Amino acid sequence: MTSVVERLQGDGPVFSIEFFPPRDAADEAVLWKSIRELEPLDPAYMSITYGAGGSSRDGTIRSIARVATETTLVPMAHLTAVNHSVAELRNVIGWYAAVGVRNILALRGDPPGDVYGDWVPHPEGLNYAEELVELVRSLGDFCVGVSAFPYGHPRSANLEADTEYLVRKLRAGADFAIAQLFFEPEDFLRLRDRVAATGCEALVIPGIMPLTTPRTLHTSIKLSGAPAPRRLLDRLEPLAGDPKAFRAEGIDAVTELCERLIAEGVPDLHFYTFNRSKATREVVSRLGLVPARA
């Protein structure tokens, strides 16, 4: 199985895609329509997020196995420590390996129901993402990624402490980090510079969400943990009542963001798709990241 890092070692920038697990048969049909539409564009890898137990977790496992066995895509499975004992984590990791998934994004995960709530580890589980990285590494030849926070994790005292925690995860055995959402190129580039200043040479990859509706804008603000810059809001908010105009301006804004990141040498743009393919296809096409045969 090809690793994420191997896929990022080409001469030019590439893109990757992220989906969330289907809740029912209708969701699954939408997911697979998007996967099939994006597959010919040859993304570097694709991932599916992971719920802490129940149908969401099972949907991730089932879907990532299908990607590994039925498509040409390089799959990366998400894994969190939420509500899992170490024995259960070992079981999930072993199952991923059994179906040929060798790329794992290792996340501590957020407290169920409240991302800002108190973290309560499973009594037989893990407390930190770096411990999960070490566990995955101990169980086989996996390529491991972790999360990064351009504005700092909500529980970090400051950016210096947040950078220290990120570098600890990378030095525990992670090969790369994917940054949560941000609004300005400089927000990501400063994160990359902070990591490089520690002497850590691991890849840091920007996470990108196409801004197609007011809802996606508000979701981006929530997930980033930081207010959107006034410049972006002034550009998009007046168009909230005109879906077509909002979408066009949002795609322009995201494309401009990506162009700057590519100019700064980022190896990969990781797109959060909301299980739809059209906006991502438009952006990567405008950026020239689509193979000529697609």
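**Exercise 1. Locate serine 147 and decide whether it is buried or exposed.**

Solution. Serine 147 sits in strand S5, residues 143–148; strands (E, at least two residues) and helices (H or I, at least four) are DSSP runs numbered from the N terminus. The model is predicted, so local features need pLDDT of at least 70 and side-chain atom pairs count only at pLDDT 80 or more, while totals for chains, interfaces and linings use all residues. Residues are numbered from 1 along each chain as its sequence is written, and side-chain values use heavy atoms, with hydrogens and water left out.

The relative accessible area of serine 147 is 14%, so the residue is buried (under 20%; exposed is over 50%, partly exposed in between, with a 1.4 Å probe and protein chains only). With neighbours within four places in sequence set aside, serine 147 is in contact with Leu107, Leu166, Lys169 and Ile178 (contact: heavy atoms within 4.5 Å).

**Exercise 2. Describe how helices H6 and H7 cross, and which residues meet.**

Solution. Start with the axes, which are lines fitted to C-alpha atoms over the stretch in contact, with angles from 0 to 180 degrees between N-to-C directions. Those of H6 (residues 159–171) and H7 (residues 185–197) come within 10 Å and cross at roughly 65°.

Next, list the residues. From H6, Leu159, Thr163, Leu166, Val167 and Leu170 meet Leu191, Arg194 and Val195 of H7. By class, the contact has six nonpolar residues, one polar and one charged. Leu166 of H6 is also one of the contacts of serine 147.

**Exercise 3. Check the span of helix H4 and find which residues are buried.**

Solution. The expected span is 1.5 Å times one less than the number of residues. For the 13 residues of H4 (residues 86–98) this gives 18 Å, and the end C-alpha atoms are 18 Å apart, so the two agree.

The buried residues of H4 are Leu89, Val92, Ile93 and Tyr96. Seen down the axis, they fall within an arc of 95° and therefore line one face of the helix (the arc is that of directions from the helix axis to the C-beta atoms). Ala87, Asn91 and Ala98 are exposed on the face turned away from the buried side.

**Exercise 4. Where do asparagine 83 and asparagine 275 lie, and what is the accessibility of each?**

Solution. Asparagine 83 is in the loop between strand S3 (75–80) and H4. Its phi is positive, about 60°, and it is partly exposed at 47% relative accessible area.

Asparagine 275 is in the loop between strand S9 (268–272) and helix H11 (278–286). Its phi is positive, about 65°, and it is buried at 3%. Most residues other than glycine have a negative phi.

Terms used. Nonpolar A, V, L, I, M, F, W, Y, C, P; charged D, E, K, R; others polar.
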